[in-house]
Amino acid sequence: MNIEANQDWVARSIAAVWHPCTQMKHHERAPLVPIARGKGAWLYDHEGSRYLDAISSWWVNLFGHANDDINRALKDQLDTLEHAMLAGCTHAPAVELAERLSALTQRTLGHAFFASDGASAVEIALKMSFHFWRNRDKSEKREFACLANSYHGETIGALGVTDVAIFKDAYDPLIRHAHVVASPAAVGVDEAIAAMRALFERRASALAAVIVEPLVQCAAGMAMYDASYLTRLRALCDEFDIHLIADEIAVGCGRTGTFFACEQAGIWPDFVCLSKGISGGYLPLSIVLTRDDIYAAFYDDDITRGFLHSHSYTGNPLACRAALATLDLFDSANVLAENRRKSSLLHEVLQTHFGKHERVTNLRHRGTIFAFDAVIDDKTFSRRFFANALKRELLMRPIGATVYMMPPYILSDDELVLLAQRTRETLDATLAEDAA
Ligand SMILES: *Cc1c(COP(=O)(O)O)cnc(C)c1O
């Protein structure tokens with residue numbers, strides 16, 4: 001192994017790659033991690049150093065890197081059919097995936113529409129909702145509502161229902177804004193429902209849909225709220241004839257303890273958006289699931305009443321096959337039950353490290369999402385924590401002062417204990433730098 005290799009790749013990357021979610025100038029001082037390969041929960045650089053992927057590579061990797069089962073399925077698919085267009089054609093991976101996801105909703109959401117990224121899925125759900133009302137001669141229903149601090153992606157349409165200033169403010173003049181309503185994570189369920197009701201009473205005839213991140217507003221800093229909010233929001237949407245869109249891009253696929261987060265509220269939305277973990281972290285794939293009665297409103301002799309959204313790679317067989325292999329893993333390994341056991345173990349260990357830590361507040365968890373807030377007022381905290389974590393073989397990327405873990409589901413008990421221990425060391429080292 002070439003000792004120069006790490007540095008070489010970093011220099012070439014800085015020279016040619018525009019990295020996402022990054023002020024590139026910060027890389028003059030902050031490290032960029034050159035990844036050579038991955039196996040299980042670990043990523044390796046070119047010199048053999050390893051990093052525990054404690055955030056599942058931006059929340060996508062559920063069953064580890066280079067997973068043997070998913071690899072086998074993809075190699076087989078590669079030799080069978082890499083891609084065929086889904087307009088006018090069909091293929092087994094898309095059909096089987098649509099069928100299996102529908103079955104997971106007890107066939108409540110009977111049709112699946114495919115795209116490749118989360119923001120596109122959100123925009124598709126918004127377009128479908130608007131177009132549904134238009135087909136039902138209610139084209140005045142063209143407004144949307146979202147929650148304060150919501151995150152639904154960063155294309156111009158998705159930014160319209162996103163409320164995170166750092167991603168949105170620069171593009172404000174380009175955006176068609178949704179109504180932003182108080183979030184239960186900030187004001188509690190009663191007040192948030194009252195605020196939504198007040199909006200509905202005022203604007204129901206103009207509102208097509210409300211979009212929410214069920215249970216956890218992840219990008220806002222792992223802000224968690226009670227499932228009863230979703231139950232009551234569902235009832236409110238029914239009362240006022242407004243669609244409910246559940247953006248389960250981050251919280252779906254078992255992340256909060258049930259396959260769909262909405263299951264914990266005992267409801268089904270009118271649209272569910274899935275992406276991130278659905279392909280096991282292998283390939284870009286997103287899916288919008290919707291009810292058959294919504295699908296039926298587009299079914300007509302008139303082409304313009306159809307949903308004409310087109311995307312070149314829609315239903316890509318490799319991505320769908322990765323998703324099918326991921327669903328197989330859920331079926332074969334009793335993942336949700338095992339995750340419950342691991343979650344309480346990690347929560348217990350985190351409690352011993354951080355429960356009484358004087359610079360830590362709001363230690364919280366939901367399913368396999370764990371977070372706490374560091375008591376610090378310093379904009380460089382996240383970057384310094386990231387660098388200190390790397391020195392301790394952890395890949396972690398705090399959101400502001402919120403330190404979170406969203407590990408792959410395959411961590412061993414020993415790895416969970418190591419994760420908590422090294423997170424403690426990283427936090428203490430980062431805080432000690434202030435004093436120095
Ligand atoms: C990541 C995310 C998105 C956007 O998905 P991309 O694939 O990054 O476009 C949308 N909504 C939520 C809740 C997300 O976490």
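Predicted model: local features only at pLDDT ≥ 70, side-chain atom pairs only at ≥ 80, totals over all residues.

Trainee: Which residues are around the ligand?
Mentor: Trp 59, Asp 117, Gly 118, Ala 119, Tyr 151, His 152, Gly 153, Glu 213, Asp 247, Ile 249, Ala 250 and Lys 276.

Trainee: And how does that shell split by class?
Mentor: Five of its residues are nonpolar, three are polar and four are charged.

Trainee: What lies 2.6 Å from a nitrogen atom of the ligand?
Mentor: That's an N or O atom in the side chain of Asp 247. On the backbone side, an N or O atom of Gly 118 sits 2.7 Å from a ligand oxygen atom, and for a backbone N or O atom of Ala 119 the distance to an oxygen atom of the ligand is 2.8 Å.

Trainee: How much of the ligand's accessible area does the protein cover?
Mentor: On its own the ligand has 380 Å², and the protein covers 82% of that.

Trainee: OK, switching to the second largest pocket. How much space lies in there?
Mentor: About 780 Å³.

Trainee: Which residues lie nearest its centre?
Mentor: Leu 86, Ala 112, Phe 113, Tyr 295 and Phe 307, out of 31 lining residues. Helix H4 (92-104), strand S4 (111-115), strand S12 (286-290) and helix H11 (292-296) each give two or more residues to that lining.

Trainee: Which element has the largest share?
Mentor: H4, with five residues.

Trainee: What about the classes in that lining?
Mentor: There are 17 nonpolar residues, twelve polar and two charged.

Terms used. Residues numbered from 1 in each chain as written. Heavy atoms only, no water. 1 Å grid on protein atoms, 1.4 Å probe; cavity = no way out; pocket = protein on both sides within 12 Å on 5 of 7 lines; lining within 4 Å. Points joined across faces, edges and corners; volume = space filled by probe spheres on them. Helix = DSSP H or I, 4+ residues; strand = E, 2+ residues; numbered from the N terminus. Nonpolar A, V, L, I, M, F, W, Y, C, P; charged D, E, K, R; others polar. Near = heavy atom within 4 Å. Polar contact = N/O pair within 3.5 Å; in protein donor to acceptor, adjacent residues only side chain to side chain. Areas by Shrake-Rupley, 256 points an atom, 1.4 Å probe, with all protein chains shown as cover.
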